[in-house]
Structure formats: C-alpha cells, structure tokens
Amino acid sequence: LCTDLAASKLVTHRGIAIAGMRVNGTLNLEWANVAFPLIMHKCAFSERRLLTRANFGGLQLRGTHIKDLWADGAIIKGGIHLRDGFRAVGEVRFINAIIDGGMDCAGGQFINANAVAFAFDGAIITGAVRMNNGFKAEGEVRLLRSTITVDLECMGGQFINAKKIALNADGVKIGGSAFLRDGFKAEGEVRFLGATVGAEVDCVGGQFINANAIAFAGDRAKIEGGVRMSNGFKAEGQVRLLGAIITGGLDCVSGEFINPKGFTLNADGVKIGGAVFLRNVKSEG
C-alpha cells in the first residue's frame with residue numbers, strides 16, 4: 001500500500017490506520033514517497049523500522065512499541081506523534097529531517113541507556129516540539145543545530161543519563177520559548193551552548209541534577225526574553241551562562257544552587273538587558 005503505485009492510488013486522504021498489529025522483521029520504507037498519513041495505534045515491531053529519506057503525509061505511533069526507528073532526512077508533512085504510551089528500546093533518529101506540523105512525544109518513552117535515545121540533529125520542525133506530560137528518556141536526547149519554529153516544551157519530562165549529557169541542544173534555534181519547568185527533571189548535563197531562543201528560557205520548578213559537574217550550560221546563548229530559575233528551581237552542579245546575551249532579566253528568586261566544591265552560578269561575561277533577582281536564593285558553593 002505504501003510502495004506499490006497501483007495500490008497506493010486506492011488509499012484515501014485519511015491514510016492507513018492499523019491497531020493492535022504485531023510485525024516481526026524489519027519494516028523498510030527507505031526512500032518511499034507516501035502521500036497519505038501512516039497511523040499505528042498500540043502496535044508492536046520486533047525489529048528496526050527504516051524510514052530514511054522517506055516522504056510521508058504524517059506519522060502517528062500512539063501507544064506503539066518499537067525497537068529502533070531511523071528516519072534521517074525524512075520529510076513528514078503532517079507532523080509526528082510518538083506519544084500516549086509510545087515506547088522505543090533502541091535509538092530513534094530524525095537527523096536532518098523536515099517535519100511540517102510539529103513533533104509530539106507527550107507520554108512517550110525512549111530507552112537506550114548509556115547511548116543516544118532520541119536524536120533530531122539538524123532537523124527543521126515547523127511547529128512545537130513536545131517532550132512533556134510523562135515523557136521519559138533513558139539515554140541522551142540530542143537536537144544539535146535543529147530549528148524549532150515555535151516552542152520546546154519539556155514540562156514534566158524526565159531526561160535520565162547520569163554523569164553524561166541528558167539533553168543536548170547546542171546550537172538549537174527556537175522561535176518561541178524553552179519550557180524546562182513544572183516537574184522537568186534531568187539527571188545529567190543539560191546543554192544550550194550557542195543556542196538562540198526567541199522568547200524565554202523558563203526553568204521554574206525544574207530540577208537539574210549533575211553533582212560535581214555541569215548541571216546547566218548556556219554559554220554564548222542568545223535569549224530574546226528572560227531566564228527564569230526560580231520558585232522551586234533546583235540545580236545540583238554548576239549553572240553556567242558564560243558570555244550569554246539575555247535581552248530580558250535573570251530571575252533566581254527562591255532557587256537552589258548546590259555545588260559545594262565549585263561555582264554554583266557562573267555568569268562571567270553575560271549581558272543582561274533587564275533586572276537580576278537573587279532574592280531568597282540558596283547557594284552552596
């Protein structure tokens with residue numbers, strides 16, 4: 001239905017929807033040109049899915065369990081849904097992909113301990129990226145030099161890669177805000193080196209745990225709004241903003257910065273256009 005031209009002509013604009021199917025073996029749709037969406041609900045794939053350079057009208061894998069998913073260079077016009085119980089045990093990658101319609105991973109699980117769990121380096125995403133509401137990654141989540149036209153939403157997301165990089169957003173371009181708040185938790189380093197954020201970086205109530213190392217790094221980042229590390233924010237490890245440009249303010253009211261053997265907050269060379277609030281801050285270091 002996806003690759004035979006005579007068969008695909010019989011598929012309507014609603015696409016292909018499959019529920020409860022188990023597929024044994026590799027599903028190879030590399031370079032496939034599929035004008036309609038592919039929707040899978042509570043399915044299971046025992047082997048790798050290959051979508052490299054494929055062109056889809058949409059991809060939804062709600063509640064579906066997979067091994068690896070490789071979609072480097074894919075073009076997906078109707079957005080991606082890897083949510084509502086989606087689970088991957090292996091690497092999921094959309095490197096240099098073009099995704100029109102956003103990427104929604106709310107409630108998804110990406111498990112690849114001590115390696116890369118989820119990567120979309122260099123991807124262009126028209127819409128928001130949602131890794132929130134029960135999202136969990138064990139392994140590195142990487143979005144190096146990607147472009148997100150709206151927001152990066154990680155409220156309530158867990159990024160677990162202890163003693164290594166948990167969330168790597170070096171060079172990312174975000175048109176809206178980066179929300180790392182309201183139950184956000186990282187075990188490992190969170191990096192936004194050289195990132196560009198069109199609005200604010202909001203870490204209110206977020207936890208950044210990487211004891212005796214770098215908890216959050218925003219060196220040379222350009223942030224058009226403010227940076228909020230307040231009201232329940234907690235960092236175990238150094239928070240670093242070397243040479244960053246923050247057009248708005250820096251709000252650390254009632255935040256915790258714990259790094260007894262080194263710097264807690266290192267903002268050498270930072271340029272801040274608004275106010276700096278360090279009221280009721282707990283700092284050990």
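Guide: Glu153 counts as buried because its relative accessibility is 13%, where buried means under 20% relative accessible area, exposed over 50% and partly exposed in between (1.4 Å probe, protein chains only). The model is a predicted one, in which local features need pLDDT of at least 70 and side-chain atom pairs count only at pLDDT 80 or more, while totals for chains, interfaces and linings use all residues. Residues are numbered from 1 along each chain as its sequence is written, and side-chain values use heavy atoms, with hydrogens and water left out.

Glu153 belongs to strand β22, residues 152-153; strands (E, at least two residues) are DSSP runs, numbered from the N terminus. Leaving aside neighbours within four places in sequence, Glu153 is in contact (heavy atoms within 4.5 Å) with Ala128, Val129, Arg130, Met131, Asn132 and Phe179. With Asn132, the side chain of Glu153 also forms a polar contact of 3.5 Å. A polar contact is a pair of N or O atoms within 3.5 Å; within protein, one must be able to donate a hydrogen and the other to accept it, and residues adjacent in sequence count only if both atoms are side-chain atoms. The C-alpha atom of Ile95, 58 residues away along the chain, is separated from that of Glu153 by 19 Å.

Strand β22 takes its place in an open sheet of 12 strands with parallel pairing, in the order β1-β4-β8-β12-β16-β19-β22-β25-β28-β31-β34-β38. Its edge strands, each pairing on one side only, are β1 (16-19) and β38 (276-277). Two strands pair if DSSP finds at least two bridges between them. Strands β25 (residues 178-179) and β28 (residues 201-202) pair in the parallel sense over two bridges, and Ala178 has Val201 in β28 as its bridge partner.

Val201 is also among the residues lining the largest cavity, together with Phe192, Ala195, Val197, Phe216, Gly218, Ala221 and Ile223. By class, this lining has seven nonpolar, one polar and no charged residues.

Most residues other than glycine have a negative phi. Ser254, in the loop between β34 (250-251) and β35 (256-258), has a positive phi near 65° and is partly exposed, at 32% relative accessible area. Asn280, in the loop between β38 and β39 (282-284), has a positive phi of about 55° and is exposed, at 64%.

Key
Helix = DSSP H or I, 4+ residues; strand = E, 2+ residues; numbered from the N terminus. 1 Å grid on protein atoms, 1.4 Å probe; cavity = no way out; pocket = protein on both sides within 12 Å on 5 of 7 lines; lining within 4 Å. Nonpolar A, V, L, I, M, F, W, Y, C, P; charged D, E, K, R; others polar.
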